Amino acid sequence: MTTTPLAPWRERGAAVSSALSRPLVGMGLLVGRVTSWLVLLVMAAVLLTVLLNATGINEIARWNDKVLLFGNALTINSITELQWHLFGVLTLFGGTYALHHDTHVRVDLIYHRLSPSHRAMVDVIGHLVLLIPFCLLVAWLSKHFVTMSFLTGEKSNYGGLTDRYLIKAILPISLVFLALGALGQVFEKLTIILDPRKAETDHEVNNG
């Protein structure tokens, strides 16, 4: 491990960056772990749809008062649409978790040949110039179609789910979470840039 002493300002900067990154990264990991359980609901919805198709049942239950998302009845179309939307929620919120674990798609020719500090610089520039602005821009632009869905009372035309605005609102919300997660990674990478010993410590922890 490198033992070269650092300038005091670099040590203080690394400590501050590390402290700022922890809650943001932790939030992204927590959201990813929680939403990962949705895969069980997706599987249950798919299984129920198959069973309903096999038995020829269309309407499962009906009630008088409206229920959020389901309206006045639970039908095979409701379950079918639910599995699509649950998978969408799982994918959108899972992006932050994949980012923190570096399991997202990364296409590069030189990144893995760089030193940890240089890789951190590439990540910081990429997050600040590309990822965070993209997430915030799309989240901002998507507000309109969420608002229109709410004002028009948009729902399925085939007896499926109602309150479509709730589903559409997942897009801007998940992108804001992704932007916050990327910001957490910016602070985390700044810690490595300011204190290269941090990268060596993380490598020993991950491989020890």
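**Exercise 1. Two annotated spans**

Task: For residues 37-57, state how much of the chain is helix and how far apart the end C-alpha atoms are. Then do likewise for residues 165-187.

Solution. 
- Step 1. Residues 37-57 are 86% helix and 0% strand. Their end C-alpha atoms are 28 Å apart. Note that the model is a predicted one.
- Step 2. Residues 165-187 are 96% helix, again with 0% strand. Here the end C-alpha atoms lie 34 Å apart.
- Step 3. An unreviewed UniProt entry annotates "transmembrane region" at residues 37-57, 82-99, 120-141 and 165-187.

**Exercise 2. Aromatic pairs**

Task: Find how many aromatic pairs the whole structure holds. Classify the pair of Phe93 and Phe177 by its geometry.

Solution. 
- Step 1. The search of the whole structure gives two aromatic pairs.
- Step 2. Phe93 and Phe177 sit 5.7 Å apart, centre to centre, with 70° between the planes. Planes over 60 degrees apart count as edge-to-face. The pair of Phe93 and Phe177 is therefore edge-to-face.
- Step 3. Place the residues. Phe93 is in helix 3 (residues 76-100) and Phe177 in helix 7 (residues 170-194), so the pair ties together parts 84 residues apart in sequence.
- Step 4. Check burial. The cut-off for buried is under 20% relative accessible area. Phe93, at 9% relative accessibility, counts as buried. Phe177, at 24%, counts as partly exposed.

Task: Now work through the pair of Phe150 and Tyr165.

Solution. 
- Step 1. Phe150 and Tyr165 are 5.0 Å apart, centre to centre, with 80° between the planes. This pair is edge-to-face.
- Step 2. Phe150 belongs to helix 5 (residues 143-152) and Tyr165 to helix 6 (residues 164-168). They are 15 residues apart, and the pair links distant parts of the chain.
- Step 3. Phe150 has 48% relative accessibility and counts as partly exposed. Tyr165 has 22% and also counts as partly exposed.

**Exercise 3. The second largest pocket**

Task: Give the volume of the second largest pocket. Which helix supplies the largest share of its lining?

Solution. 
- Step 1. The volume is about 380 Å³.
- Step 2. The lining has 14 residues. Closest to the centre are Leu99, His104, Gly126, His127 and Leu131.
- Step 3. Helix 3 and helix 4 (116-141) each give at least two lining residues. Helix 4 gives the largest share, with seven residues.
- Step 4. Sort the lining by type: eight nonpolar, four polar and two charged.

**Exercise 4. Ser149**

Task: Is Ser149 buried or exposed? How far is Ser149 from Val122 in space?

Solution. 
- Step 1. Ser149 is part of helix 5. Its relative accessibility is 1%, so Ser149 counts as buried.
- Step 2. Ser149 and Val122 are 27 residues apart in sequence. In space they are 39 Å apart, C-alpha to C-alpha.

Methods. Residues are numbered from 1 along each chain as its sequence is written. This is a predicted model: local features need pLDDT of at least 70, side-chain atom pairs count only at pLDDT 80 or more; totals for chains, interfaces and linings use all residues. Side-chain values use heavy atoms; hydrogens and water are left out. UniProt positions are given in the numbering used here, feature names are shortened, and annotations may be inferred rather than shown by experiment. Helices (H or I, at least four residues) and strands (E, at least two) are DSSP runs, numbered from the N terminus. Rings of Phe, Tyr and Trp (its six-membered ring) pair if their centres lie within 6.5 Å; planes under 30 degrees apart count as stacked, over 60 as edge-to-face and the rest as tilted. Buried means under 20% relative accessible area, exposed over 50%, partly exposed in between (1.4 Å probe, protein chains only). On a 1 Å grid over the protein atoms alone, a cavity is a set of points where a 1.4 Å probe fits but cannot get out, and a pocket is an open set with protein on both sides within 12 Å along at least five of seven lines; lining residues have an atom within 4 Å of a point. Grid points are joined across faces, edges and corners, and a volume is the space filled by probe spheres set on the points. Ala, Val, Leu, Ile, Met, Phe, Trp, Tyr, Cys and Pro count as nonpolar, Asp, Glu, Lys and Arg as charged, and the others, Gly among them, as polar.
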